Amino acid sequence: MIRVNLLPPEYRKSGGTPIARFVALTLGVFLTATAMSVWGYVHFGMLAEVRDRRTQMEEEVVGLQALAERSQALLAEFKEYQRRRQTIEEIDTNRIVWSQKLDQLADLVHNKGEVDEHFVWLASMKSSGSRKPGSGGALMVAGWSGGDELESLANFNDDVRDSGEDFFDDFMAIDPPRGERVRFNDGRLPELAWRFTMGMDLKPLGWREKQ
């Protein structure tokens with residue numbers, strides 16, 4: 001049977017919202033609210049935390065860069081000091097400190113004031129060129145050995161050769177004791193002495209470095 005509602009629209013009974021539309025609207029409102037909540041949490045919560053961490057990390061990076069630059073500067077300074085030290089060591093191993101050598105030789109000549117073993121005084125010292133292959137030059141010493149016996153000069157020669165680090169380390173050979181006996185007529189002691197010239201051959205420069 002067909003029913004026809006002849007009442008005007010304003011007098012008709014209003015119909016309810018369709019269930020599909022209601023569900024769609026409710027779901028849309030829920031999703032919108034959820035999205036807004038998530039955006040607010042991310043924006044005001046997580047993003048602020050991440051920004052704080054980024055700021056801290058940037059500050060740490062700046063501090064580490066300063067430390068790295070300081071470390072590089074110290075490393076460069078250390079290498080420069082190493083280079084200088086190596087240069088000084090090379091110079092030290094390739095030279096002879098003659099002031100020290102002459103001081104050591106003077107101690108050998110003086111022999112703590114004892115004249116029983118040898119009684120020597122020097123007249124001159126000079127350096128000369130190499131007398132032997134591989135030698136770094138030579139030191140020529142001239143003087144007198146007091147006494148009638150050549151043994152006193154031989155003792156001095158032995159003391160020089162056996163002095164080791166106290167003098168002879170930088171030398172490779174020494175002339176054997178020999179000289180000319182002379183007599184003094186000045187009324188002083190000793191009346192007799194041996195006038196001698198003694199040469200000492202130097203080791204090649206840099207022998208300490210090679211050793």
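Which exposed residues does the face of α2 turned away from its buried side carry? The structure examined is a predicted model, in which local features need pLDDT of at least 70, side-chain atom pairs count only at pLDDT 80 or more, and totals for chains, interfaces and linings use all residues. Residues are numbered from 1 along each chain as its sequence is written, and side-chain values use heavy atoms, with hydrogens and water left out.

Helices (DSSP runs of H or I, at least four residues) and strands (runs of E, at least two) are numbered from the N terminus. Helix α2 comprises residues 98-110. The end C-alpha atoms of α2 are 18 Å apart, which agrees with the 18 Å that its 13 residues should span at 1.5 Å a residue; the expected span is 1.5 Å times one less than the number of residues. Buried residues (under 20% relative accessible area, against over 50% for exposed and in between for partly exposed, with a 1.4 Å probe and protein chains only) in α2 are Lys101, Gln104, Leu105, Leu108 and Val109. They lie on the same side of α2, because the arc they cover around the axis is only 145 degrees, taken from the directions from the helix axis to the C-beta atoms. An α-helix has 3.6 residues a turn, so residues three or four places apart point the same way. The face turned away from this buried side carries the exposed residues Ser99, Asp107 and His110. The buried residues of α2 pack against β1 (120-128), β2 (138-146), α3 and β3 (171-174), contact being heavy atoms within 4.5 Å. Just after α2, Asn111 has a positive phi of about 55 degrees.

The largest pocket has a volume of about 230 Å³. Its lining consists of 11 residues, of which Val97, Gln100, Lys101, Asp170 and Arg208 are the closest to the centre. Helix α2 gives the most to this lining, with three residues.

Two cavities of 30 Å³ or more are counted. The second largest cavity, of about 40 Å³, is lined by Leu153, Asn157, Pro176, Pro177, Arg178, Phe196, Thr197 and Met198. Elements giving two or more residues to this lining are α3 (151-161) and β5 (192-202), and β5 has the largest share, three residues.

Conventions
1 Å grid on protein atoms, 1.4 Å probe; cavity = no way out; pocket = protein on both sides within 12 Å on 5 of 7 lines; lining within 4 Å. Points joined across faces, edges and corners; volume = space filled by probe spheres on them.
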